[in-house]
Amino acid sequence: MGVSAPISGDIGAAVAALRAGALVALPTETVYGLAADASSADSVARVFAAKGRPATHPVIVHLPNLRSLDDWADHVPSWARSLAETFWPGPLTLVVPKASTVLDAVTGGQETVGLRVPSHQVTLQVLERFGGGLAAPSANRYGRVSPTTAQHVVAELGDALDADRGDLVLDGGPCPVGVESTIVGAWDDTPRLLRPGAVTAEQLAEITGLAVSADPTDVRVPGSTQSHYAPTSQVMAVEADTLDDVLASLDVGATVGLIAPAGRKVISSVVRLASPTDDDEYARQLYSALRQGDSLSLDIVVAVLPQETGVGRAVRDRLLRAADHQVTR
Ligand code: TXA
Ligand code: MG
């Protein structure tokens with residue numbers, strides 16, 4: 001293996017690297033993605049190898065604009081087209097029946113493909129100049145916390161990227177949303193919420209005028225319901241009203257980090273990792289707070305669950321996955 005990939009701010013270099021088949025970690029408004037030319041099976045295979053991700057797991061294809069939707073989709077329900085018109089560029093992924101040209105390496109062999117137009121200006125420029133689709137999962141090792149800064153990408157994948165092959169990390173600053181895109185299944189008449197994100201279930205219902213299904217059995221992709229988004233510290237997800245009881249019950253020898261709303265005081269000795277003032281800020285700070293807990297080698301991170309409305313639903317979802325779907329009481 002060669003030298004680990006450099007951090008760069010050079011959009012032209014990133015486009016050239018992608019054309020040459022190299023990997024480029026890119027900033028999006030949600031989290032950083034590890035991108036490769038979606039029309040090159042070899043480049044996509046390198047993304048899976050770098051992440052240590054199973055080959056059956058599909059990746060999202062990032063597009064430069066709404067017009068390219070029909071190059072990648074076989075057909076798009078009209079309600080889903082309305083969502084794309086409303087929320088693209090932005091944190092929404094549509095899972096639609098794939099065009100015949102989409103590679104199995106991208107879809108994991110499924111008949112559908114996940115598509116989105118991200119809104120981060122740096123990556124939009126890369127996409128416009130590249131011209132095609134970029135396959136990009138979050139730029140973390142499989143099952144771990146998604147990166148929200150270029151430095152996080154280097155910490156996650158520095159060893160797996162290779163400057164000798166032209167790989168690089170494009171720095172676009174901290175991600176303004178902080179949690180992964182909303183994923184909507186769009187293969188029939190029913191919008192299916194496959195992963196909550198910053199485009200909320202309320203917004204999906206409003207724009208489509210349809211009832212949005214959030215049945216977990218809609219998620220037909222291997223791995224997607226398992227524990228995920230997990231740091232090394234044990235995450236304890238708690239409801240706000242039981243926080244004091246949970247903190248009082250912890251082993252006195254344990255080192256404990258806390259993520260709780262601003263203004264929420266606790267008596268125990270804990271390391272405050274984040275104090276968000278609202279759910280948007282909670283989403284933005286969540287992953288760097290979990291990473292900080294790991295870098296301090298904390299035994300436990302206690303995190304207060306937000307309400308299930310708006311982007312709070314996405315934060316709850318990621319916390320519950322990190323906590324193995326347990327709410328501690
Ligand atoms: O915000 C995001 O979506 C970020 C940024 C980089 O765009 N990307 C991201 O990708 O979170 P990834 O690969 O870490 O998560 C994509 C999720 C996976 O859980 C995958 O199973 C699901 O999207 N997915 C992709 N294609 C799908 C398909 N055809 N059917 C169902 N689920 C799909
Ligand atoms: Mg991911």
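Some housekeeping: residues are numbered from 1 along each chain as its sequence is written, and chains are lettered from A and ligands numbered from 1 in the order in which they are written. In this predicted model, local features need pLDDT of at least 70, side-chain atom pairs count only at pLDDT 80 or more, and totals for chains, interfaces and linings use all residues, while side-chain values use heavy atoms, with hydrogens and water left out.

Let's start with the sheet. Ten strands form an open, mixed sheet, in the order S1-S8-S2-S3-S7-S4-S6-S5-S9-S10. Here, strands are DSSP runs of E with at least two residues, helices are runs of H or I with at least four, and both are numbered from the N terminus. Two strands pair if DSSP finds at least two bridges between them. Strand S1 (7–8) and strand S10 (192–195) each have a single partner strand, so one side of each has no neighbour in the sheet.

Two pairings are worth a look on your screens. S2 (residues 24–26) and S8 (residues 168–170) run parallel and are joined by two bridges, with alanine 25 opposite valine 169 in S8. S9 (residues 182–185) pairs with S10 in the antiparallel sense, over three bridges. A hairpin through six residues joins S9 to S10, and isoleucine 183 stands opposite arginine 195 in S10. Please remember that arginine.

Next, the core. A nonpolar core is a set of buried Ala, Val, Leu, Ile, Met, Phe, Trp, Tyr and Cys residues joined through side-chain atoms within 4.5 Å. The largest one here has 33 residues, and those touching the most other members are Val61, Leu83, Trp88, Leu92, Leu94, Val106 and Leu115. Elements giving two or more residues to this core include helix H2 (41–51), strand S5 (92–97) and helix H8 (201–208). Helix H4 gives the most, with five residues.

Is glutamate 180 buried or exposed? Glutamate 180 counts as buried because its relative accessibility is 3%; the cut-offs are under 20% relative accessible area for buried, over 50% for exposed and partly exposed in between, with a 1.4 Å probe and protein chains only. Its side chain makes polar contacts with the side chains of serine 146, at 2.5 Å, and tyrosine 287, at 2.9 Å. A polar contact is a pair of N or O atoms within 3.5 Å; within protein, one must be able to donate a hydrogen and the other to accept it, and residues adjacent in sequence count only if both atoms are side-chain atoms.

Finally, the ligand. There are 22 residues around ligand 1, and Thr30, Arg53, His62, Ser138 and Ser181 come nearest; a residue is near if one of its heavy atoms lies within 4 Å. Which element supplies the largest share of the shell around ligand 1? That is S6, with four residues.

Oxygen atoms of ligand 1 lie 2.7 Å from a side-chain N or O atom of histidine 62, 2.9 Å from one of serine 138, and 2.9 Å from one of arginine 195.
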